[in-house]
Amino acid sequence: NDTLTLYVDVEMSTSGGAIIGSAEFVCVGFGPAEPVYSGPIWYVATSGNNTGGTGSLSDPFLTIQYAVDFAAPGDTITIFDGTYSGQGNTAINIGDKPLTIQSQSGNRNTCIIDAGGSNGFNFDTANYLQTEGPVFKNFTTTNADTAFVIKGESHNGGMDPGNYLISQFNNIQIYNSQTGLHAKFSDVQLTNSYLHSITGTAVASLYSVFSISDCRISENGLGF
């Protein structure tokens, strides 16, 4: 905390019954405040803190939603290994921010989002001109109603998608969920990922296009 110290030197005299005085003020120890962490990489850990944490590498947040709320479009959310569940880690609302959400270790098997029957991540834009969507990398989502919901916007409220919203999934695992990925008016790029043990549809599409490479999609109710 900054400190403002005032030293006061006062001289008083009288002249004709009136009090004449002078004062000298000296300011010591007042400087600029410590900078507050402002990203663009926001960290989340199971041992983090939403109350006093700053979201920095050494002082991470506790929940993913809290980090998303702080992040600006184009920022990155980096999640340390562990299992994330409960409030703030399920039905994560990204809004229309084109964020990158990734694990810190790069190992999808050791960074797990347990949705507990809710959706995992929701991205939704009302701007049909928006092309830049979210990027998801190197983690697992499980026990979800729908693991990822990606919604672009149509040009005229109908089937014309305008500019396709581009979203990227790399090294993602989805399992034990009702639906894996649901996309609307989107261009989805899915690489090096594993979608399995999904009781409903692994990949659901509405007026969307998919580019899928080096993926395994198996043991599901329906593939597409």
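How many helices and strands are there in the protein chain? There are one helix and 18 strands, where helices (H or I, at least four residues) and strands (E, at least two) are DSSP runs numbered from the N terminus.

## Basis of the model

This is a predicted model, in which local features need pLDDT of at least 70, side-chain atom pairs count only at pLDDT 80 or more, and totals for chains, interfaces and linings use all residues. Residues are numbered from 1 along each chain as its sequence is written, and side-chain values use heavy atoms, with hydrogens and water left out.

## The chain as a whole

Of the 224 residues in the protein chain, 42% are buried. Here buried means under 20% relative accessible area, exposed means over 50%, and partly exposed lies in between (1.4 Å probe, protein chains only). The accessible surface of the chain comes to about 11300 Å², and carbon and sulfur atoms hold 49% of it; such areas come from the Shrake-Rupley method with a 1.4 Å probe, and for residues only the protein chains shown count as cover.

A contact means heavy atoms within 4.5 Å. Among contacts in the chain with a separation of 6 or more, 57% are between residues 24 or more positions apart.

## Strands E6 and E9

In E6 the side chains alternate. E6 and E9 run parallel and are joined by three bridges; two strands pair if DSSP finds at least two bridges between them. Ile92 has Phe121 of E9 as its bridge partner.

## Aromatic rings

The structure holds 16 aromatic pairs. Rings of Phe, Tyr and Trp (its six-membered ring) pair if their centres lie within 6.5 Å; planes under 30 degrees apart count as stacked, over 60 as edge-to-face and the rest as tilted. The ring centres of Tyr43 and Phe80 are 6.0 Å apart and their planes stand at 35 degrees, so this pair is tilted. The pair links distant parts of the chain, with Tyr43 in strand E3 (residues 41–44) and Phe80, 37 residues apart from it, in the loop between strand E4 (76–79) and strand E5 (82–84). Tyr43 counts as buried at 14% relative accessibility, while Phe80 counts as partly exposed at 21%.

Phe121 and Phe148 form a stacked pair, because their ring centres are 5.4 Å apart and their planes are at 10 degrees. This pair also links distant parts of the chain: Phe121 is in strand E9 (residues 121–124) and Phe148 in strand E11 (residues 146–151), 27 residues apart. Both Phe121 and Phe148 are buried. One aromatic cluster is formed by Tyr37, Trp42, Phe61, Tyr66 and Phe70.

Ser103 belongs to strand E7 (residues 100–103) and is buried, at a relative accessible area of 4%. A polar atom of the Ser103 side chain lies 3.0 Å from the backbone nitrogen of Gly106. Not counting residues up to four places away in sequence, Ser103 touches Thr78, Ile79, Cys111, Lys137, Asn138 and Phe139.

Pro98 sits in the loop between strand E6 (92–95) and E7, and this residue is buried, with a relative accessible area of 12%. Neighbours within four places in sequence aside, the contacts of Pro98 include Pro73, Gly74, Phe123 and Gln130. Its C-alpha atom is separated by 8.6 Å from that of Ala72, which is 26 residues apart along the chain.

## Backbone exceptions

Most residues other than glycine have a negative phi, and most peptide bonds are trans. The peptide bond from Gly39 to Pro40 is cis, with omega near 10 degrees, and Pro40 lies in the loop between strand E2 (18–28) and E3. Asn138, in strand E10 (residues 132–142), is not a glycine but has a positive phi of about 65 degrees. Asn138 counts as buried at 15% relative accessibility.

Side chains of opposite charge can pair when their charged atoms come close. A search of the whole structure finds one salt bridge, meaning a side-chain nitrogen of Lys or Arg within 4 Å of a carboxyl oxygen of Asp or Glu. Arg216 and Glu219 form a salt bridge through their side chains (3.8 Å, N to O). Arg216 is partly exposed, with a relative accessible area of 47%, and Glu219 is exposed, at 57%.

Glu219 is found in the segment after strand E18 (216–218). Although not a glycine, Glu219 has a positive phi of about 60 degrees.

Technical notes
Polar contact = N/O pair within 3.5 Å; in protein donor to acceptor, adjacent residues only side chain to side chain.
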